[in-house]
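Open the model in your viewer and keep the selection panel at hand. The stops below go in order.

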Amino acid sequence: MSWALIVHGGAKEIAPGEEDANREGVSAAIEAGRAVLASGGSAIDACEAAVRVLEARPVFNAGRGSDPTEIGEIEMCSAIMDGATLAVGGVMAIQGVCHPVSVARMLLGEQEILLAGEGARRFAQEKGAELCGRDELLTEKTEKQLAEADHDTVGAVALDAAGNLAAATSTGGLNGQKQGRIGDSPMPGCGYYAENGAGAVALSGHGEEIARMMLAGRIMHRMSEHGPERAVLSSVREMVRVGGEAGGIAIDAAGRIGWAHISPHFAVAAIREGQDKPDIWLKKDEQ
Ligand code: ASP
């Protein structure tokens, strides 16, 4: 089996001047994931490695650079899913951690699939996750960026050489969201899904609408018949029923990569085994 990897930096409008930071971010993320897959590592490790890079970059609304809630707190959501075992780990409205995706990853071996708020943070602390204060998570965002920011989850989907699929998401949620608000990103079947033999998908966009459409599940159901690109495109287009923007990345069991969005921009990087350089886009039809 040839490995494949795709990452995104959010379905959003990229402000003028932010293009290079977005390109550089998804490019660094794909390199981190590629290093894992090219050395025989697993899809789940590649997804975690790629999302950690995106969480570390303030240009993306995940980890450092997360958008604040209505009262100025940082509450993050993240999840990771192993298509081999259907294990899910997700954290919701977690505060004070640098890499929510790694806390989600730590949950994979546990009975619980989702932990929220203070319980999630306590779990992270017990497991030795890296802790970050609110100011560290917020610092590098300028007033202007905050005023313009809306939403932009990050995500990764991978297929490894053993045929295992995985997906991961991470987000600071919507700018100015209610304290305690949860979107699609930690919920399996809404913001992401992965199942060996079928495919894997990760989404970004307006979480309430994505959840109401059960968008990840919708894409999974269409993947074998229509392939990943058409499955994502036809599904995100159906968002007109409920409103809101969305973008999605997917890989099917054969290693075919697909992505689509109905937002102004969607920073994406993708690579397959044997490919020298990743393909990078800031929106569809623009290399
Ligand atoms: N889906 C995320 C949420 O609703 C936000 C985003 O993708 O930008 O929390």
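The tour covers the ligand, then the cavity, then the disulfide.

This is a predicted model, in which local features need pLDDT of at least 70 and side-chain atom pairs count only at pLDDT 80 or more, while totals for chains, interfaces and linings use all residues. Residues are numbered from 1 along each chain as its sequence is written, and side-chain values use heavy atoms, with hydrogens and water left out.

**Stop 1: the ligand**

Select the ligand and the residues around it: there are 13, the closest being Asp152, Thr153, Arg181, Asp184 and Gly205. A residue counts here if one of its heavy atoms lies within 4 Å of the molecule. By class, this shell holds one nonpolar, nine polar and three charged residues. Ala, Val, Leu, Ile, Met, Phe, Trp, Tyr, Cys and Pro count as nonpolar, Asp, Glu, Lys and Arg as charged, and the others, Gly among them, as polar.

Next, show polar contacts (pairs of N or O atoms within 3.5 Å). Start at arginine 181, where a side-chain N or O atom is 2.7 Å from an oxygen atom of the ligand. At serine 204, a polar side-chain atom lies 3.0 Å from a ligand oxygen. Glycine 207 uses a polar backbone atom, 2.9 Å from an oxygen atom of the ligand. Taken alone the ligand exposes 260 Å², and the protein buries 100% of that (Shrake-Rupley method, 1.4 Å probe).

**Stop 2: the cavity**

Where does the ligand sit? It sits in the largest cavity, meaning that more than half of its atoms lie within 2 Å of the cavity's grid points. A cavity is a set of points, on a 1 Å grid over the protein atoms alone, where a 1.4 Å probe fits but cannot get out; lining residues have an atom within 4 Å of a point. The search of the whole structure finds one cavity of 30 Å³ or more, and the volume of the largest is about 50 Å³. Select its lining of eleven residues, of which Thr153, Thr171, Gly173, Arg181 and Gly205 lie nearest the centre.

**Stop 3: the disulfide**

Finally, select cysteine 98 and cysteine 132, which are joined by a disulfide with S to S 2.2 Å (the cut-off is 2.5 Å between cysteine sulfur atoms).

Note on methods
Polar contact = N/O pair within 3.5 Å; in protein donor to acceptor, adjacent residues only side chain to side chain. 1 Å grid on protein atoms, 1.4 Å probe; cavity = no way out; pocket = protein on both sides within 12 Å on 5 of 7 lines; lining within 4 Å. Points joined across faces, edges and corners; volume = space filled by probe spheres on them.
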